[in-house]
Amino acid sequence: MENKEKDYQCCNRHELLDARRQLRKAGEPAEAVLWKCIKSRQLLGFKFRRQFSVGPYILDFYCPEAKLGIELDGAGHCTIDGVKYDQQRSAYLFNERNIKILRFENRDLYYNLEGVLNEITCCLRTMMQNVE
C-alpha cells in the first residue's frame with residue numbers, strides 16, 4: 001500500500017492542474033475519438049484517466065492498474081526536436097516510473113481505430129500476464 005501511495009504522490013501534481021484542465025478543454029479531435037472508446041472501463045475493464053500527470057509530464061491517457069500510458073501524436077511530434085523530446089519523456093516514464101508508453105499518430109485513430117484498440121488490448125493483456 002505504501003508503494004501505491006508513494007507512486008501516486010508524483011502524479012497529478014497540483015501545479016499542473018491548470019495545464020491538465022486546459023489540455024482537456026482544447027484536446028485534439030483524435031483524443032475525443034479514443035476517449036469515447038476507453039472511458040468507463042470499456043476496454044477489458046481497465047480504468048483510464050485523461051490528461052494525467054506523472055512527474056513533470058502530462059500523459060494523454062493513463063491506466064494506473066496496468067502502468068500504461070497512451071500518447072497521441074500530431075504533426076509537432078514528427079520534427080527532430082519533437083522526436084527527441086518524446087524519447088526523453090518515454091525513457092523517464094519507463095525508467096523512473098515503470099510506465100510503458102504506446103504512441104499513435106492522430107490519423108491512426110481516424111483510419112485504423114480498430115487496429116489501435118487491438119494494440120492497446122494486446123498490450124493490456126500482456127502486461128497483466130506479466131503481473132500474475
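The following paragraphs go through a predicted model, taking the sheet, the helices packed on it, the nonpolar cores and one arginine in turn.

The sheet is open and has four strands in the order E1-E2-E3-E4, with mixed pairing. Strand E1 covers residues 49-54. E1 and E4 are the edge strands; each has a single partner, so one side of each is left without a neighbour in the sheet. Ignoring direction, neighbouring strands are turned against each other by 45° on average. E3 and E4 run parallel and are joined by six bridges.

Helix H4, residues 80-97, lies across E1, E2, E3 and E4. Its direction runs at about 60° to E2.

The side chains give a further view of the packing. The largest nonpolar core has 21 residues, and the members that touch the most others are Leu-34, Phe-48, Leu-68, Ile-120 and Leu-124. At least two residues of this core come from each of helix H3 (29-38), strand E2 (57-63), strand E3 (68-73), strand E4 (100-105) and helix H6 (113-131). H6 gives the most, with six residues. Ile-120 shows how the elements meet: with residues up to four places away in sequence not counted, Ile-120 touches Leu-34, Leu-43, Phe-48, Leu-68, Ile-70, Leu-102 and Phe-104. Apart from this core lies another, of eight residues, including Phe-52, Val-54, Leu-93 and Ile-101.

Is Arg-89 buried or exposed? Its relative accessibility is 6%, and because buried means under 20%, Arg-89 counts as buried. The side chain of Arg-89 reaches the backbone oxygen of Ile-58 at 2.3 Å. Which residues is Arg-89 in contact with, leaving aside its neighbours within four places in sequence? They are Tyr-57, Ile-58, Leu-59, Glu-71 and Arg-103. Strand E2 spans 57-63, E3 spans 68-73 and E4 spans 100-105, and H4 lies across these three strands as well as E1.

Notes: Residues are numbered from 1 along each chain as its sequence is written. This is a predicted model: local features need pLDDT of at least 70, side-chain atom pairs count only at pLDDT 80 or more; totals for chains, interfaces and linings use all residues. Side-chain values use heavy atoms; hydrogens and water are left out. A nonpolar core is a set of buried Ala, Val, Leu, Ile, Met, Phe, Trp, Tyr and Cys residues joined through side-chain atoms within 4.5 Å. Buried means under 20% relative accessible area, exposed over 50%, partly exposed in between (1.4 Å probe, protein chains only). Contact means heavy atoms within 4.5 Å. Two strands pair if DSSP finds at least two bridges between them. Axes are lines fitted to C-alpha atoms, for helices over the stretch in contact, and angles run from 0 to 180 degrees between N-to-C directions. A polar contact is a pair of N or O atoms within 3.5 Å; within protein, one must be able to donate a hydrogen and the other to accept it, and residues adjacent in sequence count only if both atoms are side-chain atoms.
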